[in-house]
Structures are given as structure tokens and as C-alpha cells.
Amino acid sequence: MNRVTLRNILSLTALCVGVLLLVSTALSADLIPGMAPDISTSGVPVMDGTQYQSQSVAPQEDPDAGTTLYLKRPFGYIQSTKASHANLSILKTSIERQSKSTSVIKGEIKNLDDKVIDLIVLTFNLYNADGAQIGNAYASIDYLSPKATWKFMTDPIERSDLQFEKYGSIYIGVFD
């Protein structure tokens, strides 16, 4: 081999090693000890690294508060009361920009139970760059099957100043 070819091969090898180091560092950043989400009985663990300001637990609404929720359906309204327990895991959440002033919140939630969950309503608090709350967004599903994953998406959010979201609450209901 001549000197130019050998030099090119060594340069290419060094570049590949550098890229591999960067990729492995980025992939292992999620595995830093002490960065695991806080799991408590008063909420649902949030496995989310995409939020600008992350939180470890999404609060579940108090099942003893006696709240009744009425949901509009094509045939009328259906009544729901709060469930006392459901085993959920929030796998990921992200904001997706559809235009300069329109966004949606997308994510995935997994039913870890061996039973159907009748109703889940997610409430997101929306914030601007200054940290001021600018509104709410919602997503809901009826009858999430056991061990199933729900890929949710909120209705479009018409706010150009939206910077980040936090889970406001999770309502888990049982149809009466």
C-alpha cells in the first residue's frame, strides 16, 4: 500500500471509532445510575426523556373523591366513576409540531393488569417558555385490553408559545 491509501484508511478508522463512541455514549445516557423514575402508589411512573421539564410520576386522581364523569356518545351520555386501582406504565410522551402554531402530544401507555381498564382520561398541563401554564390538552380511551399498549394522541393544540407539557392527572374509570 502506498502512504496516501494507508493514511486514508487510518483516518477513516479513527472517524468510525469516534462515531461509535458518540453513539454508545448517547445510548448509555439513559442508563445512568440514580436516574430511574420514582415509582409511588399515588401516581403512574413516567418513562419519559423527551419532555423539556420531566417529572417522575403522573398523579392519579384520588379514587375516594367520589367524582362521576359523564362522557358524550352518539347515543347519549355514559356514566363513569373512578376506579380504585389500575396498573399502568407510561412508556413515552412527546410533543409533535404540525405547524408553527399547532402541536399534538403523542405517547404510549401500557396496561400491565390482567383485566380490561374501562376508561382512561389523560390531562396534560401546557406551559410556555417562561413556565406559565397556558392551557390543557386531553386524550382518552375506552376499554384498554389486558397487557395492551395504547398509542395516544391529543387533539391539535393551537398555541405557538407551547414549549413543554406535564401530566396534570390520570383519571381511571369504571363504566356504571
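Two strands count as a pair if DSSP finds at least two bridges between them. Strand 5 and strand 6 meet this condition with nine bridges. The structure is a predicted model. The chain has 176 residues and contains one helix and eleven strands.

**The chain as a whole**

- Read from the N terminus, the order of elements is α-β-β-β-β-β-β-β-β-β-β-β.
- Buried residues make up 34% of the 176 residues.
- Taking contacts between residues at least 6 apart in sequence, 64% link residues that are at least 24 apart.

- Strand 5 covers residues 88-97 and strand 6 covers residues 102-111.
- The two strands pair in the antiparallel sense.
- Four residues lie between strand 5 and strand 6, and the two strands form a hairpin.
- One of the bridges joins serine 89 to its partner lysine 110 in strand 6.

**Lysine 92**

- Lysine 92 belongs to strand 5.
- Is lysine 92 buried or exposed, or does it fall in between? Its relative accessibility is 45%, so lysine 92 counts as partly exposed, a class that lies between the cut-offs of 20% and 50%.
- Lysine 92 is 14 residues from lysine 106 in sequence, and their C-alpha atoms are 8.2 Å apart in space.

- Strands of a sheet pair through backbone hydrogen bonds, in either a parallel or an antiparallel way.
- In this model, five strands form an open sheet with antiparallel pairing, in the order 3-4-11-7-8.
- Which strands stand at the edges? They are strand 3 (68-73) and strand 8 (133-144).
- Each edge strand has a single partner strand, so one side of each has no neighbour in the sheet.
- From one strand to the next, the twist averages 35 degrees.

**Strands 4 and 11 within the sheet**

- Strand 4 spans residues 76-82, and strand 11 spans residues 164-175.
- How many bridges link strand 4 and strand 11? Three bridges link them, and the pairing is antiparallel.
- Serine 80 has phenylalanine 175, in strand 11, as its bridge partner.

Note on methods. Residues numbered from 1 in each chain as written. Predicted model: local features only at pLDDT ≥ 70, side-chain atom pairs only at ≥ 80, totals over all residues. Heavy atoms only, no water. Buried < 20%, exposed > 50% of the residue type's maximum accessible area, 1.4 Å probe, protein only. Contact = heavy atoms within 4.5 Å. Axes fitted to C-alpha atoms, helices over the stretch in contact; angles between N-to-C directions.
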